[in-house]
Amino acid sequence: MRPHWLWFVVLDGGIWLLIQFVISPGLYERVRSRSGDRLPPHGAIWGLLAGTAVIHTGEAIVAGRMATRRGLPRRPWVIQTFVVGFPSLRAMRRQEG
């Protein structure tokens, strides 16, 4: 079972954007200036990306443990949860319903 595809678009789109801002400071500066300086500082973007990686890794570990306890295939749930995060954990909980 997978979360709705919109979760992948919204959450992974946000992560993709954070990555682009981190690897391309010029892009970040252009977007920031066009937005009227409404973006957080570049260092905060780094922090958001790092925090996202830590959270998604933790969620993937939880998903692996939950899958094992429920007799579900571990690897697909770990990968899916790392990619999309909490909607995957919600989908796993609903699966046994």
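This is a predicted model: local features need pLDDT of at least 70, side-chain atom pairs count only at pLDDT 80 or more; totals for chains, interfaces and linings use all residues.
View 1. Just after α3 comes Gly71, with a positive phi of about 75 degrees.

**View 2. Helix α3 has buried residues.** Which residues of α3 are buried? They are His42, Ile45, Leu49, Thr52, His56, Glu59, Ala60, Ala63, Gly64, Met66 and Ala67. An α-helix has 3.6 residues a turn, so residues three or four places apart point the same way.

**View 3. Helices α1 and α2 pack against each other.** Helix α1 covers residues 5–23, and helix α2 covers residues 25–34. Their axes lie 5 Å apart, at an angle of about 110 degrees. Angles of 65 to 115 degrees count as roughly perpendicular, so α1 and α2 are roughly perpendicular to each other. From α1, the contact uses Gln20, Phe21, Val22 and Ile23. From α2, it uses Pro25, Leu27, Tyr28 and Val31. Seven residues of this contact are nonpolar, one is polar and none is charged.

**View 4. Asp37 and Arg32 form a salt bridge.** How many salt bridges does the structure hold? It holds one. Side chains of opposite charge can pair when their charged atoms come close. In the pair of Asp37 and Arg32, the closest N and O atoms are 3.9 Å apart. Asp37 is exposed, with a relative accessible area of 52%. Arg32 counts as partly exposed, at 22% relative accessibility.

Definitions and conventions. Residues are numbered from 1 along each chain as its sequence is written. Side-chain values use heavy atoms; hydrogens and water are left out. Axes are lines fitted to C-alpha atoms, for helices over the stretch in contact, and angles run from 0 to 180 degrees between N-to-C directions. Helices (H or I, at least four residues) and strands (E, at least two) are DSSP runs, numbered from the N terminus. Angles under 35 degrees count as roughly parallel, over 145 as roughly antiparallel, 65 to 115 as roughly perpendicular and the rest as oblique. Contact means heavy atoms within 4.5 Å. Ala, Val, Leu, Ile, Met, Phe, Trp, Tyr, Cys and Pro count as nonpolar, Asp, Glu, Lys and Arg as charged, and the others, Gly among them, as polar. Buried means under 20% relative accessible area, exposed over 50%, partly exposed in between (1.4 Å probe, protein chains only). A salt bridge is a side-chain nitrogen of Lys or Arg within 4 Å of a carboxyl oxygen of Asp or Glu.
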